[in-house]
Amino acid sequence: MGATMETSGIKSSRAAILELVKAALREKSPSAPSALAGIATPGAPGTPPSIRKHLEQSVADLFEEVLLDYKATVRRCAEHQVPSVIAELFASQEISSAVIPDGLDRSWIEQIKGIELVVDDGFRSTGELASIDAVITGCACAIAETGTLVLSCQPDEGRRAITLLPDFHFCVVRSSVIIRGVNDLFKHVSVANPITLISGPSATSDIELKRVEGVHGPRNLFVIIVS
Amino acid sequence: MTRTVSLFVSCFNDMMFPKTARAAVKVLNKLNVKVRFPDEQTCCGQIHFNTGYAPMAVSLVKHFVESFRGSDEVVALSASCTAMVREHYLELASRTHDNELISRTEELVPKVFEFSEYLTGVLGVTDVGAYYPHKVSYHPTCHSLRSLHIYHSAVELLGAVKGLELVDLPYAEQCCGFGGTFSVKNSAMSTAMLADKTASIVNARAETVVAVDNSCLMHISGALRKNGTGVSVMHLAEVLAQGMDGGEI
Amino acid sequence: MKSEMAKAKTGFPFTSIEQINNSQLRANLKSATSAIREKRAKVVGEKQDWEELRRTGERIKDEVLSSLDEYLLQLEESVTKVGGIVHWAADSSEANRIILSLIQEHGESEVIKVKSLTTDELDLNEYLANHGVSAFETDLAELIVQLAHDKPSHILVPAIHKSRSEIKELFENTISKGRVLGDGPAELAEASRLYLRQKFLSSKVAVSGVNFAVAETGTVCIVESEGNGRMCLTLPKVLISVMGIEKVLPKLDDLAVFLELLPRSSTGERMNPYTSTWTGVHPGDGPEEFHLVILDNRRSHVLADPVGRQALRCIRCSACLNVCPVYERSGGHAYGSVYPGPIGAILSPQLFATEASLSLPWASTLCGACYEVCPVRIDIPRVLVHLREKVISEGYKSKSEEASFRLIALVLNAGRRFDLIQQVATRLRRPLNRLFLAGSLPGVLGKWRAARQIPEIPKETFRMWWRANGSDNGN
């Protein structure tokens, strides 16, 4: 089907590509054969059965349920209980050091005992961050349907490296910031900063499609939902 | 008799599986539908089109449209042939730039129905009064399932047959591996798919496999017989003609 | 030569045979594809508006393709405005040259990579190796494939053809030399974590693909699971991302649509563990230099085909592979391309047009399962048939096959002629049926009978019966 395209030495590739693209668009595509084309027949073998139960749940309940599916650890509490819940979770794990972003509500970490705590000033080397066990952040937006934490480098979320290198991530999510679906995500967050969507701990299914929680990112995810 | 349909039997049913067509005539007559057989009819052109010889298919499209011109309704005994007409005829006719052919094709295409689709969708019938006291599994052929979306028509018709026990076919939605010339061009792959399909059929423990495409059934039954499984195949029309007055068809 | 293609020992009918008879591969693929089909069905069933989402995805991609030159220029402007540097590569050799010279400018001889089909398409790793640069794959499956000097066999799970015991042995001979590993997926993943950790912390340059790039803002998006992507996108000083021209999206809200469509179609998850977006260079967070390489490599040629161009809507989810009965029995290698399965069967012949790839449009029964699951509604069966016609019209065909089809069409072009041939066949049915049952059969009939009996020719055709009985059968 035609020879490989010769690249012109005279014209820049930019101009050449744009010209080829423009020329390629002259002929319009034919339309689809029918309205039903490519749509699975409901109720027929192989067609996904429709599941409606999620529609009736509150966003916080749904968020929790989906997170649990990802094997994240979830706690729900009132605002004043956050410090004790975090301290309790810390005590249940073997954690000796933690990093926090500069803008984190310090009252949240008041009750954690016996660990080395550092505040990220933005200049700590990756090597240093990699040697820290845990990170605690807030969360400015979360998505219930997909169990997603949306981190956009807010003051209480920090830069990307601090939620990546430590093996334990503790994230405090106020239920007021949970949106239902992905569809209006970008109405709630700005892309001026880098965005990381986190849906459960790091995972792979690369070996025989068996899901393994934990590869390179934090292998342990703890989410505290504050009502 | 209030309705008259033109029967499109399709080329290989005409030659190899005439009893399917005779059964369809019997069922339609029983439902007070008068049947015509325009004898200029041959083939829908699917095999040419699907193999990559679309220009040759164009002449067969023309022939089909001429053969069935003036029909009130056309009932076809193959889902894949019906899908060919419905999905590709207008485009193929348009290639000729023959306005008369194009408008005749436009007029004809919506009048062409697959047999089970015609019974349930147009006549509104599910119980044709058939009796077939056997274990049957239904294989939804790909074109009937995904192009025509008539899975439920066939299953409802079978469900209404007295004495018939419909058993589940595992992996029913998977293609049997026929695919027209695919069966010989990629014969090793076709055979592998066929082996899995016949294994599912045997596991389903049915006596008979039913479908709405004799082409797929010819492929499936070829292996069921070669391997001595004792499972038979039947076109849906033949099942629906069972137990009706008039005995043998 | 051209007309002999059908007889040559290349192409899918031949490359698939070995795989079809590989019991380990068949078992791996069957369990993997059925598991992922089930997962997909569950999360798709939860989205009440799934079909509407698919139509939206289709519409957005069609909009992009219909004004692609304008969107690319807009993307270039946006990326430049936020501190990125845009490069244009007409083909794979130009893309490779650009990437190599960027690496060399920084004096590096090692780069880390995020799984990227586009760089596989470029054979980038091999090119870099030939020029003294080692590229380390960081996705677990890509790492397995790279260590085994193998080729990917699935878009999403490139090492789907390898069993855990094969991977254990591979790791014991490479990245975990001198250690004895168990064959549990968790332990094997841990071995790769240990091996790659140091690479992540020390590498200065990363190379990635691009899942989506947003024209209005210059935002680039990568979707992944393991966190290796985040490592590559966050830790090195220089990030080089390569995207095909079709990866651009008009607006941010369009990106949200694809973040719903892609994970559910791909891994069968509501959302993949990690999705990263970046908008140029972010001081104090991530790479100090961001290069975006925009690649054509014959995509504009695909775009010029009004039917075939819909293949460019593809978002590389691999749902079509997972439902394809042919792929399930052949695996990816039989397709001889970085793009296997149904999407590969329509992309490879258009993008690469190698002799072997021209057999791919026939590597399908046209069952249509791929079309139903495609999140951007690519009518793969339609494109397959279109490409069959195109390949034949360009002269890659068997002369004898064409002659047979011409003869069949001639017979079928008149009812009388067909009737006559049928009558001859029914008269000769006794010797013919004997021949079909046990005689020596050449050609297609022989191939057919190798696995199936040939049905007997009946004593009369339907039209013969109709002539005798039609008028008094209740009519």
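Modeller: Start with the two sides. In this predicted model, 106 residues of chain C are in contact with 81 residues of chain A. Contact means heavy atoms within 4.5 Å. The size of an interface is often given as the accessible area lost when the parts come together. Here, chain C and chain A bury about 7,800 Å² between them. Of that area, 58% is on carbon and sulfur atoms. Buried area is the accessible area (1.4 Å probe) that two parts lose on being put together, summed over both. On the chain C side, C:Arg193, C:Arg230 and C:Arg270 lose the most area to chain A. Together they make up 9% of what that side buries.

A word on the ground rules. Residues are numbered from 1 along each chain as its sequence is written, while chains are lettered from A and ligands numbered from 1 in the order in which they are written. Local features need pLDDT of at least 70, side-chain atom pairs count only at pLDDT 80 or more, and totals for chains, interfaces and linings use all residues; side-chain values use heavy atoms, with hydrogens and water left out.

Now the charges. Across the interface of chain C and chain A the rule finds ten salt bridges. A salt bridge is a side-chain nitrogen of Lys or Arg within 4 Å of a carboxyl oxygen of Asp or Glu. The side chains of C:Asp69 and A:Lys22 meet in a salt bridge, at 3.7 Å from N to O.

Helix H10 (residues 185-202) of chain C gives the largest share of the side that touches chain A, eleven residues. Helices (H or I, at least four residues) and strands (E, at least two) are DSSP runs, numbered from the N terminus. The chain C side divides into 49 nonpolar, 24 polar and 33 charged residues. Ala, Val, Leu, Ile, Met, Phe, Trp, Tyr, Cys and Pro count as nonpolar, Asp, Glu, Lys and Arg as charged, and the others, Gly among them, as polar.

Strand E9 (residues 195-198) of chain A and strand E9 (residues 274-279) of chain C pair in the antiparallel sense over four bridges. Two strands pair if DSSP finds at least two bridges between them. In this pairing, A:Thr196 stands opposite C:Ser276.

A helix crosses over as well. Helix H1 (residues 13-24) of chain A lies across E1 and E10 of chain C. It runs at about 65 degrees to E1(C). Axes are lines fitted to C-alpha atoms, for helices over the stretch in contact, and angles run from 0 to 180 degrees between N-to-C directions.

Both of those strands belong to one sheet. Six strands of chain C form an open sheet with parallel pairing, in the order E1-E10-E7-E4-E2-E3. Strand E1 (85-89) and strand E3 (134-137) of chain C each have a single partner strand, so one side of each is left without a neighbour in the sheet. Neighbouring strands are turned by 25 degrees against each other on average, direction ignored. Inside the sheet, seven bridges join strand E7 (residues 238-244) to strand E10 (residues 289-295) of chain C. There, C:Ile240 stands opposite C:His291.

Chain A has an open sheet of six strands, with parallel pairing and the order E1-E12-E7-E4-E2-E3. Strand E1 (73-77) and strand E3 (116-119) of chain A stand at its edges. Helix H2 (residues 59-69) of chain A lies across E1, strand E7 (168-174) and strand E12 (220-226) of chain A.

Last, chain B. Its contact with chain A takes eight residues from chain B and nine residues from chain A. These two chains bury about 710 Å² between them. The rule finds zero salt bridges there.
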